[in-house]
Amino acid sequence: MTRSWIADRVKTANDRLDAEYLGLLAYIEFARAHPNLYRIIEESQFVAPDAYRLHYDSFAARYERNLSDAAGRGEISEGDQSTRAWALIGMSVFLGLRYGIWDQERSAEEVARTAADLIARGLNH
């Protein structure tokens, strides 16, 4: 459900950096709209660690491919796309927790823009 939620919102992206913003926005909105499901995913690491790892391993593999494709198109710099994918996933997970579950005072757009700016400066050449 999480992946399709994000994929539906990212498909209109103009490029990879735009996709990062839209993906972060979608992830925070997902956490806000489905707090129980978000918590279940995170808590599954204790009751179904293999499924939890598979969830993130498969997400990271797809993310890595998307980053590699974007690097091939010149949208982001070449580099270790696997490490970048995991770092970006970690950012999303904790932004979702902080601004999706714990505190919803700031708009999802503002949080996603701030994080996307960080990403753009790190991934853009």
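In which helix does Thr114 lie? Thr114 lies in helix α6, which spans residues 108-123; helices here are DSSP runs of H or I of at least four residues, numbered from the N terminus.

The structure is a predicted model, in which local features need pLDDT of at least 70 and side-chain atom pairs count only at pLDDT 80 or more, while totals for chains, interfaces and linings use all residues. Residues are numbered from 1 along each chain as its sequence is written, and side-chain values use heavy atoms, with hydrogens and water left out.

**Accessibility of selected residues**

The table gives the relative accessible area of several residues; buried means under 20%, exposed over 50%, and partly exposed in between, with a 1.4 Å probe and protein chains only.

| Residue | Relative accessible area | Class |
|---|---|---|
| Glu20 | 3% | buried |
| Gln81 | 5% | buried |
| Gly74 | 39% | partly exposed |
| Asp80 | 46% | partly exposed |
| Thr114 | 48% | partly exposed |

Thr114 and Tyr21 are 93 residues apart in sequence, and their C-alpha atoms lie 9.0 Å apart in space.

Glu20 belongs to helix α2, residues 16-33, and its side chain is joined to that of Arg16 by a polar contact of 2.9 Å. A polar contact is a pair of N or O atoms within 3.5 Å; within protein, one atom must be able to donate a hydrogen and the other to accept it, and residues adjacent in sequence count only if both atoms are side-chain atoms. When residues up to four places away in sequence are not counted, Glu20 touches Tyr63, Leu67, Leu88 and Ile119, where contact means heavy atoms within 4.5 Å.

Gln81 lies in helix α5, and a polar atom of the Gln81 side chain is 3.3 Å from the backbone oxygen of Ser77. Again leaving out residues up to four places away in sequence, Gln81 touches Glu64, Leu67, Ser68, Ala71 and Ile76.

The Asp80 side chain reaches the backbone nitrogen of Ser82 at 3.3 Å. From C-alpha to C-alpha, Asp80 and His55 are 21 Å apart in space and 25 residues apart in sequence, whereas Gly74 and Ala112 are 23 Å apart in space and 38 residues apart in sequence.

Leu97 lies in helix α5 and, neighbours within four places in sequence aside, is in contact with Tyr38 and Trp102.

**The buried side of α1**

Which residues of α1 are buried? They are Thr2, Trp5, Ile6 and Val10, and they lie on the same side of α1 because they cover an arc of only 120° around the axis, the arc being that of the directions from the helix axis to the C-beta atoms. Among the elements that cover these buried residues are α2 and α3 (35-47).

**Pocket and cavity**

On a 1 Å grid over the protein atoms alone, a cavity is a set of points where a 1.4 Å probe fits but cannot get out, and a pocket is an open set with protein on both sides within 12 Å along at least five of seven lines; lining residues have an atom within 4 Å of a point. Volumes are the space filled by probe spheres set on the points, which are joined across faces, edges and corners.

The largest pocket has a volume of about 560 Å³. Its lining has 22 residues, of which Ile6, Ala7, Val10, Arg16 and Asn66 are the closest to its centre. At least two lining residues of this pocket come from each of α1 (2-10), α2 and α4. The lining of the largest pocket divides into nine nonpolar, five polar and eight charged residues; Ala, Val, Leu, Ile, Met, Phe, Trp, Tyr, Cys and Pro count as nonpolar, Asp, Glu, Lys and Arg as charged, and the others, Gly among them, as polar.

A search of the whole structure finds one cavity of 30 Å³ or more, and the largest cavity holds about 70 Å³ of space. The elements that give two or more residues to the lining of the largest cavity are α1, α4 and α5. Residues that line this cavity include Thr2, Arg3, His55, Phe59 and Ser92, and the lining comprises six nonpolar, three polar and one charged residue.
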